[in-house]
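Please open the model in your viewer and display the protein chain as a cartoon. The stops below may be followed in order.

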Amino acid sequence: MRLVLLGAPGSGKGTQAQRMQVRHGVPQVSTGDLLREAVAAGTQLGRAAHIVMQAGGLVADDIMLGIIRERLARSDAARGFILDGFPRTQAQADGLAALLKSLGTPLDTVVLLEIDPEVLLRRVAGRRSCRRCGRVFHIETNPPRPGERCADGKEHDLFQRPDDNEATVRQRLAVYCERTQPLIEHYARLGLLRRIDANGTLDDVDTRLEAAIATD
Ligand SMILES: [Zn+2]
């Protein structure tokens, strides 16, 4: 399975990718998580990325493609991957296609998660991530279960990402819509695109997602 999940920030891509990773045994490759790791590690790349991310912007394509190439070279990606958060532009899609061609692993499917903007703002406001294990929760719709812990046995250490405030979300959404529309049309022309309704419960969206990829 070589899949790209497309959708506005907060459309549920990350959560769906986590669930699919468990069901299908292929890794979620989240460029957001990979970047945040670099920021936390304080690498040169991480420091440069931090400034751009705080302003709600996007990190340079060649840097992102380098990070993805390294990630796909790890052994757990041999059977496939679920790309979450990349590509977001036509130029990134072209870069990704060239990278995957060189690896002999072209994409199978691109799924677009379509969501109502007001639902999206509500989702993002309640989103929390665990500092320790990186899992993403929602305080209303997807909280940690009672007694549930990180893999190392400690309690989840939830925090709200600083870029998950309303002004930044609206800015990200505007950037997303402007840059991603040509990408959606591009994947539709290639016959790779499946659209699913991403409003509703996580389980509803799961069901639609599995149905969309089962038609291949
Ligand atoms: Zn945790």
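This is a predicted model: local features need pLDDT of at least 70, side-chain atom pairs count only at pLDDT 80 or more; totals for chains, interfaces and linings use all residues.

Residues are numbered from 1 along each chain as its sequence is written.

Select the protein chain: eight helices and eight strands are present (DSSP runs numbered from the N terminus; helices are H or I with at least four residues, strands E with at least two). Its C-alpha atoms fill a box of roughly 45 × 40 × 35 Å along the principal axes. Buried residues, those with 20 or more other C-beta atoms (placed from the backbone) within 10 Å of their own, make up 27% of the 216 residues.

Next, select residues 127-130, which are strand E5. Which order do the strands of this open sheet follow? The order is E6-E5-E7, with antiparallel pairing; two strands pair if DSSP finds at least two bridges between them.

Turn to the E5 and E6 pair, which is joined over three bridges. Arg128 has Phe137 in E6 as its bridge partner. Five residues lie between the strands of this hairpin, where Gly134 takes a positive phi near 85°.

Finally, inspect E5 and E7, which pair over two bridges. Ser129 has Phe159 in E7 as its bridge partner, and Cys130 stands opposite Leu158 in E7.

Technical notes: A residue is buried if 20 or more other C-beta atoms lie within 10 Å of its own, exposed if 12 or fewer, and partly exposed in between; C-beta atoms are placed from the backbone.
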